[in-house]
Every structure is written in C-alpha cells, then in structure tokens.
Amino acid sequence: MIDAPAKTFLGTPFRHQGRTPGLGLDCVGVVVCALQALGVPVNDRRTYKSVPPKSMLSENALRHGFTEVKKPPQRGDILLFWMRNKRLVIHCGICTGSGHQMIHVEAGRRVEFVPLRLWLPQLSSVYRMESDRWQ
C-alpha cells in the first residue's frame, strides 16, 4: 500500500515542490514519491506556486487511478484538506494504520505521523486506488 513507502520518508524536511526523500518533500511530494516507489507512473506537475491551482490535487488523484469515496478514510487513501478558512483544497496526506493516522508534511516541519482526528474538520475528500494493482 502507498503508506508503506511513505513511512520511509519520515523525518524528511519540508521543501516546496520537493521530490527527494531524505532531502526535501512537500505534501504532494510525499504522495508522488510514494506512488513512484510502488511503480505507479506519475505525471508530476511542479509548476504550481506556494498555493496550487484550485482543483489540481483532486484532478491529479483522479488522473492517477484514484476514485473519490465516502468517508471514513482507510489505510492507503489519499486525503485532501481544506485550508485558508475552507476556501482552497491545497493540502494532502496519506491515511495509514487503521485509519486513525496520516503521514504528511507542512511548511516548517518534517514528514510525520499525525492523529487524523486533528485534521478531520478540514477533510475535504478521500481518494482510494481503483484497483489493487499497486497495493
């Protein structure tokens, strides 16, 4: 599952548009690098500024074989979050464990596990891999 390679990125510092585990990742970089580690071909887009375009995260999830599902999140799901007072969906993470934690990184921090309950009020959508091909 996608959370297995993401766990190896723990402790990697935040770096905007970072795609190098151990050196620097942003939240999208965690997802991109985890998918690549599983052999999933990823069309990575790194032309976004500090705030990605409005629907970039959801469009990319759909484009890479994920389907939006009803909550609650499960292990391996990609989680998208509202930010900026619920005006923009510009943060993502990977659900891990039994659905009670996620792996993510945000500015000024390192890739880390956090209790999902801390982010649930901002949860916008949950995406799950359509097939078990990459599990």
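Is Cys 92 buried or exposed? In this predicted model, Cys 92 counts as buried, with a relative accessibility of 4%.

## Cysteines

The structure contains zero disulfides. The sulfur of Cys 92 has its closest cysteine sulfur in Cys 27, at 3.8 Å, which is too far for a bond.

## Helix H2

Cys 27 is one of the buried residues of helix H2. Because nine of the 11 residues of H2 are buried, this helix is largely enclosed by the rest of the structure. The buried set comprises Cys 27, Val 28, Gly 29, Val 30, Val 31, Val 32, Cys 33, Ala 34 and Leu 35.

Just after H2, the backbone at Gly 39 adopts a positive phi of about 90°.

Strand E4 (residues 78-83) pairs with strand E5 (residues 88-96) in the antiparallel sense, through six bridges. Within this pairing, Leu 79 stands opposite Gly 93 of E5. Four residues separate the strands in the hairpin of E4 and E5, and Arg 84 takes a positive phi near 55° there.

Strand E4 is also joined to strand E8 (residues 123-129), by four bridges and again in an antiparallel arrangement. Here Phe 81 has Leu 123 of E8 as its bridge partner. As a general point, the side chains of a regular strand alternate between the two faces of the sheet.

Across the whole structure, six salt bridges are found. One of them joins Asp 3 to Arg 75, with the closest N and O atoms 2.8 Å apart. This pair links distant parts of the chain: Asp 3 belongs to helix H1 (residues 3-7), whereas Arg 75 lies in the loop between strand E3 (66-69) and E4, 72 residues apart. Asp 3 counts as buried at 0% relative accessibility, while Arg 75 is partly exposed, with a relative accessible area of 38%. Asp 3 and Arg 75 also belong to a network of salt bridges that includes Lys 7.

A salt bridge is likewise formed by Arg 19 and Asp 44, whose closest N and O atoms are 2.8 Å apart. Arg 19 lies in strand E1 (residues 19-20) and Asp 44 in the loop between helix H2 (27-37) and helix H3 (56-63), so the pair ties together parts that are 25 residues apart in sequence. The relative accessible area of Arg 19 is 13%, which places this residue among the buried ones. Asp 44, in contrast, is partly exposed at 27%.

## The pair Glu 112 and Arg 109

Glu 112 and Arg 109 form a further salt bridge, in which the closest N and O atoms are 3.2 Å apart. How accessible are the two partners, Glu 112 and Arg 109? Glu 112 counts as buried, with a relative accessibility of 17%, whereas Arg 109 is partly exposed, its relative accessible area being 42%. In general terms, side chains of opposite charge can pair when their charged atoms come close.

Key:
Residues are numbered from 1 along each chain as its sequence is written. This is a predicted model: local features need pLDDT of at least 70, side-chain atom pairs count only at pLDDT 80 or more; totals for chains, interfaces and linings use all residues. Side-chain values use heavy atoms; hydrogens and water are left out. A disulfide is a pair of cysteine sulfur atoms within 2.5 Å. Buried means under 20% relative accessible area, exposed over 50%, partly exposed in between (1.4 Å probe, protein chains only). Two strands pair if DSSP finds at least two bridges between them. Helices (H or I, at least four residues) and strands (E, at least two) are DSSP runs, numbered from the N terminus. A salt bridge is a side-chain nitrogen of Lys or Arg within 4 Å of a carboxyl oxygen of Asp or Glu.
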